[in-house]
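Have the sequence and the 3D view ready, and look up each spot as we get to it.

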Amino acid sequence: MSVALIILAAGKGTRMNSDLPKVLHPIGGAPMLHHAMQAGASLEPEHTVVVAGFGSDAVTRAALAYDFEAQVVVQDEQLGTAHAAAQARDALAGFEGRAIVLFGDTPFVRPETLEALMNATADITVLGFEAADPARYGRLVMDGDQLQRIVEFKDATEAERAISLCNSGVLAAPAPLLFELIAEVGKDNAQGEYYLTDLPALARARGLDVSVVRCDEAETLGINSRAQLASAEAQFQATARADLLEDGVTLAAPDTVFLSLDTLVGRDTLVEPNVVFGPGVTVESGATIRAFSHLEGCHVSRGAIVGPYARLRPGAELAEDVRVGNFVEVKNATLGTGAKVNHLSYIGDASIGEASNIGAGTITCNYDGVMKHHTEIGARAFIGSNTMLIAPVSIGDEAMTGSGSVITSDVESGALALARAPQVEKPGMARKLFDILKAKKAKQSRGS
C-alpha cells in the first residue's frame, strides 16, 4: 500500500519561551521533527509533506536536511489541526493511497505503531492509548470496536471523563477521504478553530468504519514546555541506552552515557562512564571509548581505543587499532591502521599513515587565519614530542622529527628532521637577572 506522511510542524510553542520553532528543539542531538520523520521513513512513504508555520524557513531547512525530497507547505495562519492538515491537499493531489497525520512535537511514535496504522482496514484509524492519568486528554468514545467520536475533556460528561482510552492526535485515512472530511469540519468551538478530532464523528455519520490502534502511552508524549523537553530527553536516552545494551554493547555506567538519534555502536564495544556521542557518530564492533570523551561526526573502526578525555570532531576517521589517548583532539583527519596519538596533541586537517606514532604535544598548525591547510604524515613515521607541523607539509614514510621541532618544509621518507634554534647559555646570568627583578619589585613595594 502506498503511504503519504503529513507532519504537522507549524506551532510556535509559546510555553517553550523561545525564538526557535518548537519542532526544532533538539532531543538526542536532533530536532524533534527529525524523530517524527525517521519513524515515518520506516514506512517508505511515497510522499512526506511537512506543514510549517512559525519559523517556516528554519523548519524547511531542517526538514530538507533530513529528507531532501520532503515537501514543505506553509500554514500562514494557525487555525487548528484540520486546517494545518488541509495545507497538504495540493501537495498530495492525485495521490490515492493512505495518509498518516503525525505531529512534529510528538517524537516517540514507534515505526511498528505506524505500520499498524498503515495496515488498518478501517476507513479512518485513530491512534489511542490507555492513560495512567487521563487528566485533560480527549477521550475516545467507543461502541464495540468502532470509534464513535472524540470528546474533549471540557465537553465530556462524567461518564465520558471516566474513560481511560485517550486520543494521541495521530490518525490515518485514504488521502482523498481525509481531505473530503476535513472540508466538512467546522469551527463551532471556543477557539474558533478547525480540529481533526471532528473527523471520526463525521465519518460515522457517513456510515464509515472508524477504528482505533492502541499504543503505549510513552509513545504519545507531546512536547509543549522546557520541562517536557527535559523529560523527553531523559526518555530518549533511557531507550537508546537500553537498545545498545540489548545489541551487545557494554556501558559501564549507562546513566552517564549520552547518545544522539543517529548514534551507531557495534557489538562488543566498551563505553566507559561520562561519554557523549554527538550527531553523526559510528563506532564499529570491538572498539573502546574511554571515560570523559566527546565524539561528533566521526567514524571509529574495530579495535580502536579512544580516550580518556579525548575529543573527536567532525571528519575524524580512525582505522582499525588506532589509539587516541588523553587530551587529544582530532578534527577532519584520517588515522591509518595502528596509528597512535597517545596524549596532549591536536591533529586537524591531516592524514596519518599506518603504525605512525605521534608524540605528546604535537600540533598540526593547519590554519593561517584565512585558509585551512593539510598535513600529510606517511606510514611508520615518528613525530617527536612537542613538534609543530606548519601546514601544508608532508612527512614521508618512516621519517622522524626531533622533539621540539618546528617543521615548515617537507621531510623525505626515512629522514630525520631537526628544526630547533641553537641553545645559548650565559653563565651566571640567571642569578643577576633574579637580583635585578627582586630589587625592582622591592622598589615598587616601597613606593606603594
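Start with the largest nonpolar core, which has 126 residues. Among its members, I6, I100, F277, L295 and L312 touch the most others. A nonpolar core here is a set of buried Ala, Val, Leu, Ile, Met, Phe, Trp, Tyr and Cys residues joined through side-chain atoms within 4.5 Å. Buried means under 20% relative accessible area, exposed means over 50%, and partly exposed lies in between (1.4 Å probe, protein chains only). The element that gives the most to this core is strand β1 (residues 3–9), with seven residues. Helices (H or I, at least four residues) and strands (E, at least two) are DSSP runs, numbered from the N terminus. In soluble globular proteins, nonpolar side chains tend to be buried together.

A quick word on what you're looking at: this is a predicted model, where local features need pLDDT of at least 70 and side-chain atom pairs count only at pLDDT 80 or more, while totals for chains, interfaces and linings use all residues. Residues are numbered from 1 along each chain as its sequence is written, and side-chain values use heavy atoms, with hydrogens and water left out.

Now zoom in on L295. Leaving aside residues up to four places away in sequence, L295 touches V275, V276, F277, G278, V281, V283, I289, V300 and L312. Contact means heavy atoms within 4.5 Å.

Next, the sheet. Ten strands form an open sheet with parallel pairing, in the order β12-β14-β17-β20-β23-β25-β27-β30-β33-β35. What happens at the edges? There, β12 (250–251) and β35 (416–417) each have a single partner strand, so one side of each is left without a neighbour in the sheet. Two strands pair if DSSP finds at least two bridges between them. Strands β25 (residues 340–343) and β27 (residues 357–358), for example, pair in the parallel sense over two bridges, and K340 stands opposite N357 in β27.

Finally, visit two loops. T220 is in the loop between β11 (210–215) and α8 (226–246), and T106 is in the loop between β6 (98–103) and α4 (111–119). Are they buried or exposed? T220 is buried, with a relative accessible area of 11%, and T106 counts as buried at 10%. Not counting residues up to four places away in sequence, T220 touches T106, F129, S168 and C215. With that same exclusion, T106 touches E219, T220, L221 and G222.
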